[in-house]
Amino acid sequence: DVVDAFSVHGACGLWGVIAVGFLGDPEAGGNGIFYQGNQLGTQVFAVFIIILWTSFFCSLVLVPLKLGGLLRLSDDFQDKGADVMEHSPSKAYKDKHHGTDPPAGSSADAPPAPPTATAPAPQGEDAGV
């Protein structure tokens, strides 16, 4: 998952649904276990329905695309990378890897700077606590 869609929307969303079963405050319309309620079963059932719903509709779209060979990028695309093939890297990435040189004198040409020496921290009476 290149854009972390499952971790953000899937996992966090499912936790949000289940958390209501634990933390649902009756004053806010909830009925969570921590408030002697019984909403957790309903929330777990909702998670099950959400997973079924999502799986079904994703399958309606993704299975035909897979059967048609339209889900994967070509080998050339994968070798070069989608940025190079689709997203104008000559404008976005000015470096030698993508065929354009950085401006002369830029940090890309310079070697890394050596670490700077620092004076030792004062000890004893000079510490200035």
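**Close-up 1. Q43 sits in helix α2 (residues 40–67) of this predicted model.** Helices here are DSSP runs of H or I with at least four residues, strands are runs of E with at least two, and both are numbered from the N terminus. With a relative accessible area of 12%, Q43 is buried; buried means under 20%, exposed means over 50%, and partly exposed lies in between (1.4 Å probe, protein chains only). A polar atom of the Q43 side chain lies 2.7 Å from the backbone oxygen of V17. Once neighbours within four places in sequence are set aside, Q43 touches V17, I18, V20 and G21, where a contact means heavy atoms within 4.5 Å.

**Close-up 2. Helix α1 spans residues 5–23.** The expected span is 1.5 Å times one less than the number of residues. Which residues of α1 are buried? They are G10, A19 and G21, and what covers them includes α2.

**Close-up 3. D76 and K80 form a salt bridge.** Their closest N and O atoms are 3.8 Å apart; the rule asks for a side-chain nitrogen of Lys or Arg within 4 Å of a carboxyl oxygen of Asp or Glu. By this rule the count comes to 1 salt bridge. Side chains of opposite charge can pair when their charged atoms come close. D76 and K80 are 4 residues apart in helix α3 (residues 75–80), so about one helical turn separates them. An α-helix has 3.6 residues a turn, so residues three or four places apart point the same way. Buried or partly exposed: what is D76? At 38% relative accessibility, D76 counts as partly exposed, and K80 is partly exposed too, with a relative accessible area of 47%.

**Close-up 4. Stepping back, the protein has 5 helices and 0 strands.** Read along the sequence, the pattern is α-α-α-α-α. Of the 129 residues, 12% count as buried. Among contacts with a separation of 6 or more, 15% are between residues 24 or more positions apart. The protein exposes about 10,600 Å², with carbon and sulfur atoms supplying 64% of it; accessible areas come from the Shrake-Rupley method with a 1.4 Å probe.

**Notes for all views.** Residues are numbered from 1 along each chain as its sequence is written, and side-chain values use heavy atoms, with hydrogens and water left out. In this predicted model, local features need pLDDT of at least 70 and side-chain atom pairs count only at pLDDT 80 or more, while totals for chains, interfaces and linings use all residues.

Technical notes. Polar contact = N/O pair within 3.5 Å; in protein donor to acceptor, adjacent residues only side chain to side chain.
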